Amino acid sequence: MPHPDCFLTGISTQSPVTYYPLAQNSQTVVRLSTQPKKWVYTINTKYYKPIETRILSFHNDKWSPYVYKWNAESSEAYLHPQGHSVPLDAIDRHERTIQFNYQIPGRPQCSECHGGYNELNDTNPLGPSYLQTNIEVKANGKNINQMAYWLKNGLLATDAKMDIVTLSREREYLHINCGHCHNQYGTANSSRLYLDKEVTGFFHLGFCKPSVAAGKGTLGLKYDIEPGVPEKSILIQRLKSTQASIKMPEIGRSLVDEHGVAMLENWIRQSTYSNNDCQK
């Protein structure tokens, strides 16, 4: 990997590139599911437009973030610490063309997600976590546990700490997508809405919890999650918004994750925690 103060050249998995398919309409979309294996190793700029590369570099005994923006020719990326907006076209799962601005974060914004895991708010890598890697995979034509495979092949220390926690898909989604900010040390700790894997109580998950957000953030609603009623839950409505002053997460997305929102809406509808509990 190059020194973080230099520019990057070439595109491969050595540089974690964010990129989008080049497409003018649904007939010219390059589907990832139909790509040959070689696309994993080299992004073909005939079909894809690289946008940015983010790097966490460990030096001087600490992790430091660096953000690079790729040029129009897709040949080089230059350090871009202040952030940038890139206009893009996308085609959603309904085959509709959407125009939006992709937001490259400024370097100071990296700590909003990569901080919050200790009292010093140090910047750290986010993962992978046990929840993400303790899954079944295929190896040599057989289904095996990925963690067991890593241990067997010396890819994981035998004394590695495994934070074995069984969560529902909805809680895993909230942990991975929201928990890096919404925890007791994170950027959103003052909200008292904790969505990481450690939370066990309904209140800190948002059920019957009044929001502490001011202004537009409350959307005129009473609770972060109103049991059984996703339409009146602030959490859902902020996930469905694309307005900068309302949307959650605040950075890292420009569009709505429709699959994720639908899953969480169903989770709230089927919750065993009832609206009557809010009155207790």
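**Salt bridges, a pocket and cysteines**

Author: Glu52 counts as buried because its relative accessibility is 0%, where buried means under 20% relative accessible area, exposed over 50% and partly exposed in between (1.4 Å probe, protein chains only). This is a predicted model, in which local features need pLDDT of at least 70 and side-chain atom pairs count only at pLDDT 80 or more, whereas totals for chains, interfaces and linings use all residues. Residues are numbered from 1 along each chain as its sequence is written, and side-chain values use heavy atoms, with hydrogens and water left out.

Reader: With which residue does Arg54 form a salt bridge?

Author: Side chains of opposite charge can pair when their charged atoms come close. A salt bridge is taken as a side-chain nitrogen of Lys or Arg within 4 Å of a carboxyl oxygen of Asp or Glu, and the structure holds 5 of them. Arg54 pairs with Glu52, their closest N and O atoms being 2.9 Å apart; Arg54 counts as partly exposed because its relative accessibility is 38%.

Reader: Where in the chain do Lys240 and Glu265 lie?

Author: Their side chains meet in a salt bridge at 3.4 Å, N to O. The pair links distant parts of the chain, with Lys240 in the loop between H5 and helix H6 (258–269) and Glu265 in helix H6, 25 residues apart; helices here are DSSP runs (H or I, at least four residues), numbered from the N terminus. Lys240, at 41% relative accessibility, counts as partly exposed, while Glu265, at 15%, counts as buried.

Reader: Are Asp224 and Lys209 buried or exposed?

Author: Both Asp224 and Lys209 are buried, and their side chains form a salt bridge of 2.8 Å, N to O.

Reader: Which residues are closest to the centre of the second largest pocket?

Author: On a 1 Å grid over the protein atoms alone, a pocket is an open set of points where a 1.4 Å probe fits, with protein on both sides within 12 Å along at least five of seven lines, and lining residues have an atom within 4 Å of a point. The second largest pocket holds about 540 Å³ of space. Its lining has 26 residues, of which His182, Ala188, Ser191, Arg238 and Met248 are the closest to the centre. H5 gives the most to this lining, with 4 residues.

Reader: How many disulfides does a search of the whole structure find?

Author: A disulfide is a covalent bond between the sulfur atoms of two cysteines. With the cut-off for a pair of cysteine sulfur atoms set at within 2.5 Å, the search finds 0 disulfides. Cys110, at 10% relative accessibility, counts as buried, and Cys181 counts as buried at 16%.

Technical notes:
Points joined across faces, edges and corners; volume = space filled by probe spheres on them. Helix = DSSP H or I, 4+ residues; strand = E, 2+ residues; numbered from the N terminus.
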